[in-house]
Amino acid sequence: MATKPYFMLIAIFLLLTFTALNVSAESTSCRVETSSCHNKAEALKMKYIAIASILVMSMIGVCLPVYSNKVKALQPDTNLFVIVKAFASGVILATGYMHVLPDSFNDLTSQCLPQKPWRNFPFTTFVAMLSAVMCMMIDSFSMSRYRKSFIRATRSDGEVSREMKIEEGFITKEEQLMRHRVVAKVLETGIVVHSVVIGLSMGSSQNPCTIRPLIAAICFHQLFEGMGLGGCILQAEFKSKMKLIMVFFFSCTTPFGIALGIALNTVYSDTSPKSLIVEGLLNACSAGLLNYMALVDLLAADFMGSKLQGNMKLQVWSYIAVLLGAGGMSVMAIWA
């Protein structure tokens, strides 16, 4: 039952993405300058390379933490795991601020869209703000629902003494596990949304000079973003079936978006007003979600926790890891 809202969120976002493909013959597209590097055959080869390489790097990134529980040094309670997770959280933070948010600004302020209302109102920041609030609501309601269901269960069993110890932290491990599961599911939802949009844009491009650096940048992005998500999945202690489903969604969404862009290349235009609006709004929603998750549920939760608060040296190294991850991902914004 707990997995149904997660799959519904992904289904809704994917359906919204596909509405961008409904570009009829009457839809007007902005005329853009053709590049001297325009080569359809070469671009197609690069796209096939992109599908394979991004799929492999995505699987490596997300599987490393998920299936590293047999390695003692990478257990969730070790210092190395904390530092690696901080680095990956920095990557996710920079993804939201340096990649997804600017893409949304570019889409929704494009000259291809009418002045009113798209360039008269900051839709990107408005939607990102609403998305962040929605994440907070999901966090809050999920934990409230869990606490109420637990109290109800303890009352039915007559365990009054255990119920009274809830406020004393008696079941903090169970509550923390629930929170880790909520974080992992909501984080993956945001990642899936922008991954499909990125893949769709690459799949529709006919410019090898643009695609070539994008492959390297997206591979780097997927590797370390996957490590961040994989760390959350590991801490959530999902069963094997749920782990495989989440690994599959993360690994396949960008290659799927590229394949979809290739298949619909003749009807899809990333400069049509309809496509720009849908992609811009989805990117804004994804940016708000990623920024909230990175700052509140990943970084703040760890840095304000007892492990880092009680170890100043580990805290300093974790901050360095965050800056390295965010800095590396910010540099990637030059090419992607």
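Here a residue is called buried when its relative accessible area is under 20%, exposed when over 50%, and partly exposed in between, using a 1.4 Å probe and protein chains only. A disulfide would need a pair of cysteine sulfur atoms within 2.5 Å, and a search of the whole structure finds zero of them.

Before going on, keep in mind that this is a predicted model, where local features need pLDDT of at least 70, side-chain atom pairs count only at pLDDT 80 or more, and totals for chains, interfaces and linings use all residues. Residues are numbered from 1 along each chain as its sequence is written, and side-chain values use heavy atoms, with hydrogens and water left out.

Now for the backbone. K116 and P117 are joined by a cis peptide bond, with omega about 0°. P117 sits in helix α4, residues 115–119; helices here are DSSP runs of H or I with at least four residues, strands are E runs of at least two, and both are numbered from the N terminus.

Further along, look at the loop between α8 (208–236) and α9 (240–263), where you'll find E237. This non-glycine residue has a positive phi, near 55°, and E237 is exposed, at 54% relative accessible area.

That brings us to α9. The expected span of a helix is 1.5 Å times one less than its number of residues, so the 24 residues of α9 should span 34 Å, and the 33 Å between its end C-alpha atoms agrees. Still, α9 bends by about 40° at C252, with a proline, P255, following within four residues. The bend is the angle between axes fitted to the seven residues ending at a residue and the seven starting there.
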